[in-house]
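Hi everyone, thanks for coming. Let's have a look at this one together.

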Amino acid sequence: PQTLLSAYCQGIFPMAHEDGRIYWYDPDPRAIIPLDHFHASRSLRRTIRQQIFDIRIDSAFSAVMDACAAPAPDREDTWINEDIVQAYTRLHRLGFAHSVEAWQDGELVGGLYGVAIGGFFAGESMFSRVRDSSKVALAFLVAHLNERQFSLLDIQFMTDHLRRFGAIEIPAFEYKLKLSRALLLSATFC
């Protein structure tokens, strides 16, 4: 856990490769979602208002990790291997890794997990088994981080999917400045 926490505090994060080895990343540019510029489409706002999902925090962390690691139609391979699962499960037990879950009719149907340190949250992965479930979980996460006075939501790499929510890329030096400021905040996730 100390290695992971130290790496995050320096702007570095791990990913497993197909060969089973874990590699460390420090991308430039870095993708973030500015917490004050999150964009929810009209249809997503409507889905949120309909409250078709029960959103929970940390009630099924291991299940969220397993779902994120499972192959999906748009993702044959995953960077989440058993070593990653064990490491983040330890971080969860220590209070640093968290899940946001979308439940429907008593079943986990979507969610995400990440790491929180000070006012910094690193979004690691998300999954969806029902349309919009992970999007609603992400919108909840952003609202929760704003409420808890976080200042940085790191999404690591840009994707077209996350760009729709207002994600931007910033140079690594700017990211590290934002990170150093966020780490000084006394925000807590739970």
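This is a predicted model: local features need pLDDT of at least 70, side-chain atom pairs count only at pLDDT 80 or more; totals for chains, interfaces and linings use all residues.

Residues are numbered from 1 along each chain as its sequence is written, and side-chain values use heavy atoms, leaving out hydrogens and water.

So, helix H5: residues 133–147, 15 residues in total, spanning 21 Å from its first C-alpha to its last, close to the 21 Å expected at 1.5 Å a residue (the expected span is 1.5 Å times one less than the number of residues). Helices here are DSSP runs of H or I, at least four residues, numbered from the N terminus. After H5 comes Gln149, with a positive phi near 65°.

Now, which helix crosses H5 at roughly 85°? That's H2, residues 42–50, and the two axes come within 10 Å; axes are lines fitted to C-alpha atoms over the stretch in contact, with angles from 0 to 180 degrees between N-to-C directions. H2 is therefore roughly perpendicular to H5 (65 to 115 degrees). Leu44, Thr47 and Ile48 of H2 meet Lys135, Val136 and Ala139 of H5, contact being heavy atoms within 4.5 Å.

On to the cysteines. The disulfide count is zero, a disulfide being a pair of cysteine sulfur atoms within 2.5 Å. Cys68 is in no disulfide either, with the sulfur of Cys190 nearest at 17 Å.

Methods: Helices (H or I, at least four residues) and strands (E, at least two) are DSSP runs, numbered from the N terminus. Angles under 35 degrees count as roughly parallel, over 145 as roughly antiparallel, 65 to 115 as roughly perpendicular and the rest as oblique.
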